[in-house]
Structures are given as structure tokens and as C-alpha cells.
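Hi everyone, thanks for making time this morning. Let me put today's structure up on the screen, and then we'll walk through it together.

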Amino acid sequence: MNREQMIDKVKAEMPERRWLHTQGVMETAVILAERFGEDPVRAELAAILHDVAKYWKVERMEKVIRDQALPSELLDYDKELWHAPVGAWVAEHEYGISDAGVLDAIRYHTSGRRGMTKLEKIVCLADYMEPGRDFPGVSNIRELSERFLDQALLAGFNSTISFLLEKGKRIYPLTIEARNDLLE
Ligand code: DGI
Ligand code: FE
Ligand code: FE
């Protein structure tokens with residue numbers, strides 16, 4: 001599958017506004033890759049596919065998590081987390097992506113994890129700060145991202161964790177670990 005075919009297939013999976021978000025993540029990931037010395041082609045590829053499963057029905061995501069033996073503890077946390085590991089599975093099996101680093105960038109784009117690769121950080125940060133994003137703190141994240149990949153991403157996780165605390169939601173352990181790791 002070439003880039004254009006992939007883009008057409010991903011577009012068909014989501015409403016127009018999510019495709020606009022995806023385009024924003026693609027552009028931002030390329031800029032960040034060039035800035036911080038990562039391969040922009042791999043960054044763009046992960047960005048194209050990062051939200052491919054975002055609009056799947058909960059039952060369909062749950063079935064992939066169970067049948068494909070993805071981490072079952074995901075099912076105990078917010079459903080918003082599920083599209084990332086499910087998306088990595090879709091990228092591999094429906095889009096033929098074999099680059100494990102790209103698959104991990106999709107897999108961990110929501111939760112993060114300890115020891116994130118540069119590619120994973122770039123996709124996760126691009127998702128936070130693409131031009132269409134508007135939440136308290138996003139301008140600080142954009143400013144930090146001019147020079148500091150880790151500090152910008154840390155600010156992103158801080159804002160998500162605060163948001164989850166405010167809503168009284170559970171926090172997935174990988175997100176706590178990702179934040180602690182960036183602080184160290
Ligand atoms: O898919 P997007 O909307 O582009 O962004 P995303 O993949 O970062 O999803 C973020 C949503 O996931 C956000 O609204 C917060 C929610 N969420 C729920 N539990 C957790 C979580 N995010 C993280 N990082 N950790 C959690 O435990
Ligand atoms: Fe996402
Ligand atoms: Fe996204």
C-alpha cells in the first residue's frame with residue numbers, strides 16, 4: 001500500500017474533523033522529527049495511522065484486545081486508551097506496517113510508557129500540540145517544544161494527569177511511569 005492509498009483508507013475510518021486533526025499531527029510530527037533528529041518519514045507514517053481505531057465501536061476494540069492478547073488490564077481503564085494499542089494492531093495487520101518502532105509509536109501515543117523512544121515522544125507530543133489543539137497549557141507546550149522535547153512532553157502528561165484527577169478518573173500506570181521517567 002502506498003502513502004496515498006493509506007491516507008484514503010485512514011480518511012474513510014473517521015469523520016472530517018478527526019482527519020483534520022490527523023493532518024495536523026502529520027505536519028507537526030515531521031517538524032519535530034526534523035528539529036530533534038528523527039526520521040520524518042517514519043514520524044509521518046506513525047502520525048497518519050495513530051488514530052486509525054479512534055472511531056471503532058467499543059465492542060470491536062474490546063474484541064481485538066481479548067482475541068489478540070493485548071494487555072487485558074487496559075479493559076479496567078478509560079476506553080479512550082484503547083484505540084492506541086488497537087490502532088497498532090490494525091496498522092500491522094490491515095496496513096502491512098512492519099516497522100516495530102512505528103507500531104510502538106502508535107501503540108503508546110496515548111498512554112506513553114517508561115523509556116519512550118524519540119519517535120514515540122515525537123508522535124505523542126505532536127498529538128498534544130498540533131495546530132488544531134486548544135486546551136489550557138497548549139501554548140506552553142508549543143513554546144517548550146521549540147527547544148526541549150522531554151520538557152514539552154512532560155507538560156503534556158502533566159496536563160492529562162491533572163485532567164484525569166479533576167474528572168475523578170483512574171490513571172493508567174504507563175502514564176504515571178512515563179511522567180516519572182521524564183522527570184528523572
Ligand atoms: O486520540 P486523541 O484524542 O487525539 O488523543 P489521545 O490519543 O492522547 O487520547 C487522549 C484521551 O485519553 C484524553 O482525553 C485523556 C484520555 N485518557 C484516559 N485515561 C488516560 C488517558 N490518557 C492518558 N495519557 N492516560 C490515561 O490513563
Ligand atoms: Fe489518539
Ligand atoms: Fe490523536
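Let's start with a metal site: the donor residues of the iron ion (ligand 2) follow the spacing D-x31-H-x25-H in sequence. By donors I mean N, O and S atoms within 2.8 Å of the metal (3.2 Å for Na, K and Ca), and water is not among the atoms, so sites may look incomplete. The protein donors here are Asp51 (OD), His83 (NE2) and His109 (NE2), lying 2.1 Å from the iron ion (ligand 2). Aspartate 51 also bridges to the iron ion (ligand 3), and the two ions lie 3.5 Å apart.

A quick word on the ground rules. This is a predicted model, where local features need pLDDT of at least 70 and side-chain atom pairs pLDDT 80 or more, while totals for chains, interfaces and linings use all residues. Residues are numbered from 1 along each chain as written, chains are lettered from A and ligands numbered from 1 in written order, and side-chain values use heavy atoms, leaving out hydrogens and water.

Now, over to ligand 1. Which side chains make polar contacts with it, meaning pairs of N or O atoms within 3.5 Å? Threonine 110 has a side-chain N or O atom 2.6 Å from an oxygen atom of ligand 1. Aspartate 127 places a polar side-chain atom 3.1 Å from a ligand oxygen, and threonine 175 has one 2.8 Å from a ligand nitrogen. Alone, ligand 1 exposes 580 Å², and the protein buries 87% of that (accessible areas by the Shrake-Rupley method, 1.4 Å probe).

Notes. Polar contact = N/O pair within 3.5 Å; in protein donor to acceptor, adjacent residues only side chain to side chain.
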